[in-house]
Amino acid sequence: MTAAITAKRFFPLAFAALVVLGIFTTSASGRAEGVQFISGNARVVQGNEATVTVAVQPAGARCSLAVRYKGGAKQPGLPAVAAAGSRATWTWQVPRKAKPGPARVTASCAGAGRATTRVTVIGQIIPPKITVVKTGWSVRVYKYGGSGVSYGVILANESKKQDALDVRVLVNFVMADNRLIGSASASVGDIAAGTQHALGGELNFPGGAPIDRIEVVIKIARSGPATHTKPGLSAQRILPSVFEPEWCGSVEGEVQNDSAGRTLERFALSTVVFDAAGNIIGGGMGFGGASLPPSARVFFKISTGMRPIAFNKAASVLVSVVPTYAKTG
């Protein structure tokens, strides 16, 4: 769940496809010698196995099968079989690149005739694809030496049906000569389908930090069905540092357990901070833990990453939360 708010300054594809089996409607070729499709896949996903069975009279006839996919491609390697017990069965793997749509399946049996039916090839669900929407950073030179960088990245899951799980993000800080001056890595447990995720953090340097741009490398370990219930976020605000009020100190707010029947055990938080023009000027991350029953709320505070951000430039934030629920049963 990601929530955007306007800051108030307080001195505060692995997809397991379901294959539907059904009885075909036989389309005989005009000969009445007894070849008839009696069972098999009505629909099959690209890359999955398909099976068809025909009933044949006379029994023992030698039968062959031809499969032609939409666009004209043919299924290779289908063997001829004998109709033992008046039945002939074939199983094959539909190519991953077979065009989605109707495929023509024809069984031909010596001395018995032929029959034709159709199998619908279904395209696989598009796996998650994470894109970088926006990046930004702030650099602060410390009086005692060295500098700190607060950075923020907004990531978008382009898939509408698959969550991106166990996402690893590498953020490289690039100088004007295209050399790296530093790198930071982070893990995101779940970027929900069709959503944006705010990722922020902090990096310290012993000297200056002449950053010209940020580059982002993303690796998705796995995917899963889209989740529709995430914790809610409210009452978010940007607060100055108690000791250095000219700099940001924290992003605070409330997490609500919006699940109807699960207990929220802990959660990971991340945020990006915007200026008045909508540019990212930094970000941070944090964690929370509470045995939170449905409809209850808990306070959160993100302080990591805030120190390099000038408080007078901070105008709004985007906060994201990744929950972990208690196991049931």
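The legends below describe several close-up views of a predicted model.

Local features are given where pLDDT is at least 70, and side-chain atom pairs count only at pLDDT 80 or more, while totals for chains, interfaces and linings use all residues. Residues are numbered from 1 along each chain as its sequence is written, and side-chain values use heavy atoms, with hydrogens and water left out.

Side chains of opposite charge can pair when their charged atoms come close. A salt bridge here is a side-chain nitrogen of Lys or Arg within 4 Å of a carboxyl oxygen of Asp or Glu, and the structure holds 8 of these salt bridges. In one of them, Arg-140 pairs with Glu-244, and the closest N and O atoms are 2.7 Å apart. Arg-140 belongs to strand β12 (residues 130–141) and Glu-244 to the loop between β18 (232–240) and β19 (248–256), so this pair ties together parts that are 104 residues apart in sequence. Strands are DSSP runs of E with at least two residues, numbered from the N terminus. Arg-140 counts as buried at 8% relative accessibility, whereas Glu-244, at 21%, counts as partly exposed. For these words, buried means under 20% relative accessible area, exposed means over 50%, and partly exposed lies in between, with a 1.4 Å probe and protein chains only.

Arg-237 forms a salt bridge with Glu-252, with the closest N and O atoms 3.8 Å apart. Arg-237 lies in strand β18 and Glu-252 in strand β19, so the pair ties together parts that are 15 residues apart in sequence. Glu-252 is buried, its relative accessible area being 10%. Another salt bridge joins Glu-254 to Arg-297, where the closest N and O atoms are 2.9 Å apart. This pair links distant parts of the chain, since Glu-254 is in strand β19 and Arg-297 is in strand β22 (residues 297–302), 43 residues apart. Arg-297 counts as exposed, with a relative accessibility of 58%. Salt bridges that share partners also join Arg-140, Glu-244 and Arg-307 into one network.

**View C. Aromatic pairs.**
Rings of Phe, Tyr and Trp (its six-membered ring) are paired if their centres lie within 6.5 Å; planes under 30 degrees apart count as stacked, planes over 60 as edge-to-face, and the rest as tilted. By this rule there are 2 aromatic pairs. In the pair of Tyr-142 and Tyr-144, the ring centres are 5.3 Å apart and the planes are at 5°, so the pair is stacked. Tyr-142 is buried at 7% relative accessibility, while Tyr-144 is exposed, with a relative accessible area of 62%. In the pair of Tyr-151 and Phe-173, the centres are 5.4 Å apart and the planes are at 70°, so this pair is edge-to-face. The pair links distant parts of the chain, with Tyr-151 in strand β13 (residues 147–157) and Phe-173 in strand β14 (residues 162–174), 22 residues apart. Both Tyr-151 and Phe-173 are buried.

**View D. A positive surface patch.**
Arg-68, Lys-74, Arg-104 and Arg-118 form a positive surface patch. Patches are made of residues with over 30% relative accessible area and no salt bridge, where like charges are joined within 9 Å and nonpolar side chains (Val, Leu, Ile, Met, Phe, Trp, Tyr) within 5 Å. Lys-74 sits in the loop between β7 (62–68) and β8 (81–82), and Lys-74 is exposed, with a relative accessible area of 58%.

Most residues other than glycine have a negative phi, and most peptide bonds are trans. The peptide bond from Gln-57 to Pro-58, however, is cis, with omega near 5°, and Pro-58 is found in the loop between β6 (49–56) and β7. Asn-178, which is not a glycine, has a positive phi near 75°, and Asn-178 is placed in the loop between β14 and β15 (180–191). Ala-235 likewise has a positive phi, of about 55°, although it is not a glycine. Ala-235 lies in strand β18 and is partly exposed, with a relative accessible area of 41%.

Note on methods: Areas by Shrake-Rupley, 256 points an atom, 1.4 Å probe, with all protein chains shown as cover. Lys, Arg positive; Asp, Glu negative; His and termini not counted. Charge placed at Lys NZ, Arg CZ, Asp CG, Glu CD. Helix = DSSP H or I, 4+ residues; strand = E, 2+ residues; numbered from the N terminus.
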